Amino acid sequence: MTIRTRFAPSPTGLLHVGNARAALFNFLFARHHGGEFLLRIEDTDKERSTQKAVDVIFDGLAWMGIEADAEPVFQSARQDRHTEVALELLEKGQAYKCFCTPEELTAMREKAMAEKRPPRYDGTWRHRDPSEAPAGAPYVVRLKAPRDGETIIKDLVQGEVRVANSEMDDLILLRSDGTPTYLHAVVVDDHDMDITHVMRGDDHLTNTFRQAMIYRAMGWNLPHFAHLPLIHGPDGAKLSKRHGAQSVVDFREEGYLPEALCNYLLRLGWGHGDAEVLSREEQIRLFDLDGVGRSPSRMDYVKLAHLNGIWMRQADDARLTNDVMERLQGREGVVTDDKTRARILAMMPGLKERAKTLVELADNAAFAGFTLPLTFTPKAEKLLGEDGRKVLEGVGKDLAALKDFTPEAIDGTLRAYAEKHEIKLGSVAQPLRAAMTGSTTSPGIDLTLAALGQDEVLARIAAVLASGSVDA
């Protein structure tokens, strides 16, 4: 048997982090077992489904490195097949036509609630002949759900779960306009796509009991089910905007690397010993359902940022530079030309050691493209008082005399100046850093000056010395 999993989102909004984790788990499970991973877009809700949301799903999965093994299936294109199966159930006596009017259904619900019973359909047309209905009356097609016994699901995550059949009503397969319901369409699609394992959020567990009845009514084998615990906010409440990023787009915009997000989502509800930082190859090799827990997971944005910092330090400098340049495009007071790109690339080994997100990395690198005169933070302004300016004037002359403007030569020059004037190296580096960046942070000062280049360094020193005061 070839294991086949699927990710089947509805294109009605953003790719939520919970759905993204489900996609990742399905993908890794299929790869681990040498199987196939498929993508199905469940777009039968025409009023809410949009092409923009479809594009967001495709873009998000591509960014995460999750690739399907076949072209995506669009559920809306399979409506005739869904109808065909519903009519087959009707012919086999496993389904029936229900002619209840909206008013009758409302009265039915109100009566049940008044009697403190669940507001379920009472089976009015289950045993009635359709000829009893008015000519041309609209109807829905309902499944004849079993009344006795219980439905048992042997879930690969939740264990054995069961429900009394008397607790479930006769679900609708076809609406009065002839369109199939979501619950019915999903079963037909999973069967026709030969899906062997359905892995989704445990909020679908109730749906699974109802869908199992359709499988059995058709005489089809059920796939294996694995219901994944949901992802909550840090406080244990449902994840919402007040907690922070919720969608793949949010995390990308906030500067997280896809490998870091995938690594974090994998460890959010799955574990393998003490393993924390796992490459995609390691994830595929290790992932299986026996490591998935049953309890809801809580987002820890601090831990995610820490993990992102680890992945950033391992990332290729040119790749990070390209991302930084994109984020700096259009920022006021920053020139994003080839010269700025070269400076940032040269400083990237030091820059990425001090950042946990790409947004932070771009903020820290922006000084490479600043135009003169610079603006200064209050802390930088303090470093550029009388003593700081005196240092800049003296060390500036020594830097101007350098024939070889390399980090090594710069470091030697700064140390020699500090020793000659009997001051600490930091007393030389700090005003220089303030003059170069407008702040008090940067990579090593020797690397920073070398990346900016001799002409730019001397120009920034001159701009500080020429100003009557430093603007905060």
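Two exercises with worked solutions follow.

The model is predicted, with local features needing pLDDT of at least 70, side-chain atom pairs counting only at pLDDT 80 or more, and totals for chains, interfaces and linings using all residues. Residues are numbered from 1 along each chain as its sequence is written, and side-chain values use heavy atoms, with hydrogens and water left out.

**Exercise 1.** Describe the interface between domain 1 and domain 2.

Solution. 
Step 1. Locate the parts: domain 1 spans 77–228 and domain 2 spans 249–365, the bounds coming from an automatic or database domain assignment.
Step 2. Count contacts (heavy atoms within 4.5 Å): seven residues of domain 1 meet five residues of domain 2.
Step 3. State the buried area, which is the accessible area (1.4 Å probe) that two parts lose on being put together, summed over both. It is about 500 Å², and carbon and sulfur atoms give 66% of it.
Step 4. Identify the residues of domain 1 that lose the most area to domain 2: Val157, Gln158 and Met199, together 66% of what that side buries.

**Exercise 2.** Where does Glu422 lie, and is Glu422 buried or exposed?

Solution. 
Step 1. Examine the backbone: phi of Glu422 is near 55°, a positive value in a residue other than glycine.
Step 2. Apply the cut-offs (buried under 20% relative accessible area, exposed over 50%, partly exposed in between; 1.4 Å probe, protein chains only): Glu422 is exposed because its relative accessibility is 74%.
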